[in-house]
Amino acid sequence: MAGTRWRRAPDALWRESPDALIVKAPVSDVEPVAVSGAAAHLWDLLAEPHTTDELAEALAELHHADADVVRTDIEPVLASLCDHHVVERLP
């Protein structure tokens, strides 16, 4: 997944609340997903296409963490957001 480029799905809907970001695909049978903490920063970065490595490096710098650890942490988050149709993989 390191070379995969990711971005928000163009038709994803989201609304910020004080505690989380609620994200939903316009597909009616997909439940909304709450995004909070570092994942909210990930959502911000996904406004533009980025590779997994680029996302991990940006988040690691922001949170003063190791990029390899962040990469391991965000891979399942990206997969889940993709399963919810709010993030897409780009060729």
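I began with the meaning of burial: a residue is buried under 20% relative accessible area, exposed over 50%, and partly exposed in between, with a 1.4 Å probe and protein chains only. By this rule I found H85 to be partly exposed, because its relative accessible area is 42%.

I noted that this is a predicted model, in which local features need pLDDT of at least 70, side-chain atom pairs count only at pLDDT 80 or more, and totals for chains, interfaces and linings use all residues. Residues are numbered from 1 along each chain as its sequence is written, and side-chain values use heavy atoms, with hydrogens and water left out.

**Entry 1: positive phi values**

I located H85 in the loop between α3 and β6; helices (H or I, at least four residues) and strands (E, at least two) are DSSP runs, numbered from the N terminus. I read its phi as near 65°, a positive value in a residue other than glycine. I then turned to H64, which is placed in the loop between α2 and α3. Its phi is near 50°, also positive in a residue other than glycine. H64 counts as exposed because its relative accessibility is 75%.

**Entry 2: the aromatic pair**

I searched the whole structure for aromatic pairs and found one. Rings of Phe, Tyr and Trp (its six-membered ring) pair if their centres lie within 6.5 Å; planes under 30 degrees apart count as stacked, over 60 as edge-to-face and the rest as tilted. The pair is W14 with W43, and I recorded it as edge-to-face because the ring centres are 5.5 Å apart and the planes stand at 70°. W14 belongs to strand β2 (residues 13–16) and W43 to helix α1 (residues 38–45), so the pair ties together parts that are 29 residues apart in sequence. W43 is buried at a relative accessible area of 1%, whereas W14 is partly exposed at 40%.

I also found R8 over the face of W14, 4.5 Å from the ring centre. A charge sits over a ring if NZ of Lys or CZ of Arg is within 6 Å of the ring centre and within 35 degrees of the ring normal.

**Entry 3: helix α3**

I compared the length of helix α3 (residues 67–83) with expectation: its 17 residues should span 24 Å at 1.5 Å a residue, and the end C-alpha atoms are 24 Å apart, which agrees. The expected span is 1.5 Å times one less than the number of residues.

I noted a kink of about 30° at I74, shortly before the proline P76. The bend at a residue is the angle between axes fitted to the seven residues ending there and the seven starting there. At the N-terminal end, D66 caps α3, with a side-chain oxygen 3.0 Å from the backbone nitrogen of D68.

The buried residues of α3 include V70, R71 and I74. Among the elements that cover the buried residues are β1 (5–8), β4 (33–35) and α2 (52–63).

**Entry 4: R71 and T52**

I looked up R71 and found it buried, at a relative accessible area of 16%. Not counting residues up to four places away in sequence, R71 touches T52, D53 and A56; contact means heavy atoms within 4.5 Å.

T52 lies in helix α2 and is buried at 0% relative accessibility. Its side chain makes a polar contact with the side chain of W6 at 2.9 Å. A polar contact is a pair of N or O atoms within 3.5 Å; within protein, one must be able to donate a hydrogen and the other to accept it, and residues adjacent in sequence count only if both atoms are side-chain atoms.
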